[in-house]
Amino acid sequence: FDYSHAIVRSPAASVVAGLRAGDGPDPDFEALCAEHDAYVRTLESLGLHVTQLPASEAFPDSIFVEDPALVFGEGAIVLNLAAPSRAGESALLAPVLEERFETVLRMQGPGHADGGDILVLRDRVLIGLSNRTDRAGAEELISLLARLGKKGEIAETPPGILHFKTGCSLIDEETVFALAPMANSTAFAGMRVVEVPEGEEKAANKLRIRDSILMGAGFHKSRAIVESFGIPTIGLSVEHIGRIDAGLSCMSLRW
Ligand code: CIR
């Protein structure tokens with residue numbers, strides 16, 4: 001969690017047409033920008049050096065920089081995104097990573113993987129299969145992770161959940177906060193699993209940065225659970241970001 005750097009991308013006006021599974025309302029552009037701004041300021045206030053990339057109108061979902069790449073101190077991996085409207089985001093981000101990392105590996109396909117499906121644990125990297133991450137992609141990713149000295153492991157994302165991390169996040173290195181359908185996953189073997197309270201499903205995607213946890217504002221039960229671990233929380237509005245199926249982890253790459 002001891003990150004020193006983050007990359008984010010400013011929202012483009014096209015973000016209001018971002019992908020979503022349901023047919024809910026569009027986000028409001030100004031309100032979404034305010035949510036994004038507050039997020040960036042929070043990362044900075046926690047001591048991260050944040051690079052803010054320019055908005056890209058051609059890619060409505062490109063503010064979700066977590067999905068086209070995986071980054072570690074040891075190097076970066078450019079991923080193959082499954083959603084056709086997002087596929088070009090990898091090429092958009094790759095040069096930015098080339099400038100910052102000595103080692104940049106690339107998925108070649110034919111498989112796909114989204115960063116939102118990847119949960120980095122202390123001793124292994126979980127890759128959740130989902131509508132965006134297929135087995136071929138996960139297997140290719142395991143071999144790329146091995147080149148960075150990391151062990152990848154395949155996990156399942158329950159149906160109806162966009163990304164693996166839509167349904168879970170870490171409280172600390174031993175503790176995962178997970179939606180009920182994921183709580184018994186064998187992927188979390190050896191860890192403590194705390195269930196997300198009913199009615200607060202959108203609180204599952206939190207973000208631990210150093211000694212704090214960023215979480216959606218208003219999820220009082222979840223906040224009390226997290227704080228019972230002695231970790232201060234920072235509540236951020238995710239109402240408009242949430243309208244396009246996103247949460248807090250999606251908006252940055254951290255290392
Ligand atoms: C999408 O469907 O791809 C975007 N509207 C939301 C992506 C959220 N990303 C993430 O959870 N890592």
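## Strands E1 and E2 and the crossover between them

In this predicted model, His5 has His49 as its bridge partner in strand E2. The chain crosses from E1 through H1 to E2, and the β-α-β crossover formed in this way is right-handed. A second pair along these strands is Arg9, whose bridge partner in E2 is Leu53, and five bridges in total join E1 to E2, with the two strands running parallel.

Strand E1 is also joined by two bridges to strand E15, residues 253–254, and here the strands run antiparallel. Within that pairing, Ala6 stands opposite Arg254 of E15. Four of the five residues of E1 are buried, so the strand is largely enclosed by the rest of the structure.

## Helix H1

Helix H1 takes up residues 29–45, and its 17 residues reach 24 Å from the first C-alpha to the last, which is close to the 24 Å expected at 1.5 Å a residue. Its buried residues are Leu32, Glu35, His36, Tyr39 and Leu43. Seen down the axis of H1, these buried residues fall within an arc of 95 degrees, so they line one face of the helix. The face turned away from this buried side carries the exposed residues Glu30, Arg41 and Ser45.

The elements that cover the buried residues of H1 include the strands E1 (5–9) and E2 (49–53), together with strand E12 (207–209), strand E14 (233–236) and helix H6 (239–242). After H1 comes Gly47, which has a positive phi near 100 degrees.

Glu44 is found in helix H1 as well, and with 13 C-beta neighbours inside 10 Å it counts as partly exposed. Glu44 and His5 are 39 residues apart in sequence, whereas their C-alpha atoms are 9.3 Å apart in space.

## Helix H3

Helix H3 has 13 residues and reaches 19 Å from its first C-alpha to its last, close to the 18 Å expected at 1.5 Å a residue. The residues of H3 that are buried are Gly137, Ala138, Glu140, Leu141, Leu144 and Leu145. They cover an arc of only 165 degrees around the axis, which puts them on the same side of H3. On the other side of the helix, Arg135, Ser143 and Ala146 are exposed.

Arg132 is found in the loop between strand E7 (125–129) and helix H3 (135–147).

Leaving aside residues up to four places away in sequence, Arg132 touches Ala82, Ala83, His112, Asp114, Asp117 and His163. Arg132 and Glu156 are 24 residues apart in sequence, and the distance between their C-alpha atoms is 12 Å.

## The chain as a whole

The protein chain has six helices and 15 strands, and its C-alpha atoms fill a box of roughly 45 × 40 × 35 Å, taken along the principal axes. For 255 residues, a compact globule would have a radius of gyration near 18 Å, and the 17 Å of the protein chain agrees with this.

Of the 255 residues, 43% count as buried. Among the contacts in the protein chain with a separation of 6 or more, 64% come from residues 24 or more positions apart.

Conventions. Residues numbered from 1 in each chain as written. Predicted model: local features only at pLDDT ≥ 70, side-chain atom pairs only at ≥ 80, totals over all residues. Rg over C-alpha atoms; globule rule 2.2 N^0.38 Å. Buried ≥ 20, exposed ≤ 12 C-beta atoms within 10 Å, placed from the backbone. Contact = placed C-beta atoms within 7 Å. Expected span 1.5 Å × (residues − 1). Arc of directions from axis to C-beta. Pairing = 2+ DSSP bridges. Right-handed = clockwise from strand over helix to strand, strands pointing away.
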